[in-house]
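Welcome! Try each task yourself before reading its solution.

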Amino acid sequence: MKNAAQIAREVESSYLGGVSANLKTTGSRFIAGQWFRREETDNGERVRAAMVDRRIYDREKFNELPHGRTVTVRGYERRWIFGRRIKSVTVATVMAPPGPLLDEGQSGSPPPPITKSQLLDHISRLITDGKAVHLVGVCSPSGFEDDVWNHPPQLPNVKLILVAPRPDGGWRVVPADSRIDARLVKLFDPEENSQKLNRIRQEIEARRIDLLTGSLSATQLARELDLPVPLVNNAFEAIARTDPELRVSKRGGEAVMYRGATKTSAEEDRSMSLAEWIRGLFSKEGEELKKINVLSEKRASLSTRLDRMYEDIGALEKREARLMEEGKAANSTVTKRRVAAQVARLRKDISRYNTSASILSKQINVISTHIHNLELAQTGSLASLPSTDELTEAAVNAEEILEQLGASDALVSSLEVSMADTAMSDDEADILNELLGEAEDAAKVSPEKSAASRPQKSAPSKEKSAGDPAAEG
């Protein structure tokens, strides 16, 4: 099992490798400058100093730790004839303090997340030219504190992007300012689109049971996986095209995935002739399928509303709990009365929401039952079970065939025996008789030999028992 130091070293390599590839392929199109210069530095001396402070002198341990590497790309523009002026500075850096990684073996606790003061101190050392715009992507293998994620530091002339690995193998990439161009933010995302699509596919597969009676929102899934909503929408459509049971519905710009009826070959075949189309128009064959799809979409919409309503109820219950704690801690009677009135209103709202949720749940139950009945009817029609007369006729034919096979088998067996007897020569018959005779003689002699070979019981045992004083007594 890998320790925190090994994991941090892998995160450092993956992050800097992915960002370097992005800067090399598309960075020149989004970063200011006519030509660029790349350099790489690390904090290996700080790692050695931390090891010396702890009296650790192990080269393998040093190579196992992340060295806080930093990749810097400076963009320049031409000024006059031979002059140049720095236009932009792009920095991809990793914050992995060696102290907590070295202390993990002693304390057993993982390294803590990066604090805001640590982040500001690290960024201040990266600012080399205050006149140039700095685009800084900071990656922390141990993550950042909630205060950093929720309220990132705002620095003049610095566009900050926070990056941290996710447990599922992805990355959380959050700009400190929402006004930062999304194309610049994408430069610091080391994860490829194929890997993101694979994560979405795995999440859908993990929630396949939830899709039986509910739905999956692209907005909610994008928030949970730290992915852009348009990418999840496209992934929904691509996955639904490969899975005959999945459907995607878009309402209000939000994609919702749910499970519908399985597509039949007639539905998938778009090259239908005019005569077949007219014949299918007057046929009732696809009505159940259309009903199932419409009802499944309706059930998905109701399930989304029910999930949101449950979230609202949970928020109201948390607010009620906070008000109750506030009322218990208050010393004034006036404050307690105010809190009591607020709690009473909240409980009424919660009761109303629960009633609405109950109605939605019953509607979903009715629709699910109707879908189940339609699927049963469709399955029975697709099976095309034979009639009673057909089953009886097939049974009679099978019985006749079995009788014929039995007679043929008996005939073949008799022929095999007669052929075996006639095919034997006179010499073979004499030898066979001799062998049979020897076998019979052996069978007769064997009982006598076996009786003679049996050991006789010795009589001295009886004499000994008779002369034994113990026996006499």
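**Exercise 1. Find out how many aromatic pairs there are, and describe the one formed by Tyr-15 and Trp-171.**

Step 1: Start with the rule. Rings of Phe, Tyr and Trp (its six-membered ring) pair if their centres lie within 6.5 Å; planes under 30 degrees apart count as stacked, over 60 as edge-to-face and the rest as tilted. The count by this rule is three aromatic pairs.

Step 2: Tyr-15 and Trp-171 form a tilted pair, with 6.3 Å centre to centre and 40 degrees between the planes.

Step 3: Now locate the partners. Tyr-15 belongs to helix α1 and Trp-171 to strand β6 (residues 171–175), so the pair links distant parts of the chain, 156 residues apart. Helices (H or I, at least four residues) and strands (E, at least two) are DSSP runs, numbered from the N terminus.

Step 4: Both Tyr-15 and Trp-171 are buried; buried means under 20% relative accessible area, exposed over 50%, and partly exposed in between (1.4 Å probe, protein chains only).

A note on the source: this is a predicted model, in which local features need pLDDT of at least 70 and side-chain atom pairs count only at pLDDT 80 or more, while totals for chains, interfaces and linings use all residues. Residues are numbered from 1 along each chain as its sequence is written, and side-chain values use heavy atoms, with hydrogens and water left out.

**Exercise 2. Describe the aromatic pair of Trp-35 and Tyr-76, and say whether each partner is buried or partly exposed.**

Step 1: The rings of Trp-35 and Tyr-76 are stacked, 6.4 Å centre to centre with 25 degrees between the planes.

Step 2: Trp-35 is in strand β1 (residues 35–41) and Tyr-76 in strand β2 (residues 70–79), so the pair ties together parts that are 41 residues apart in sequence.

Step 3: Trp-35 has 29% relative accessibility and therefore counts as partly exposed. Tyr-76, at 7%, counts as buried.

Step 4: A charge sits over a ring if NZ of Lys or CZ of Arg is within 6 Å of the ring centre and within 35 degrees of the ring normal. Elsewhere, Arg-172 lies over the face of Trp-149, at 4.0 Å from the ring centre.

**Exercise 3. Explore the largest nonpolar core.**

Step 1: A nonpolar core is a set of buried Ala, Val, Leu, Ile, Met, Phe, Trp, Tyr and Cys residues joined through side-chain atoms within 4.5 Å. The largest one has 32 residues, and those with the most contacts inside it include Tyr-15, Leu-65 and Trp-171.

Step 2: Helix α1 (residues 4–30) gives the most to this core, with eight residues.

Step 3: Not counting residues up to four places away in sequence, Leu-65 touches Ala-5, Arg-9, Val-47, Met-51, Leu-101 and Leu-102. Contact here means heavy atoms within 4.5 Å.

**Exercise 4. Which residues of helix α2 are buried, and where do they lie around its axis?**

Step 1: In α2 (residues 44–53), Gly-44, Val-47, Ala-50 and Met-51 are the buried residues.

Step 2: Seen down the axis of α2, these buried residues fall within an arc of 125 degrees, so they line one face of the helix. The arc is that of the directions from the helix axis to the C-beta atoms.

Step 3: Turn to the face away from the buried side of α2, which carries the exposed residues Glu-45 and Asp-53.
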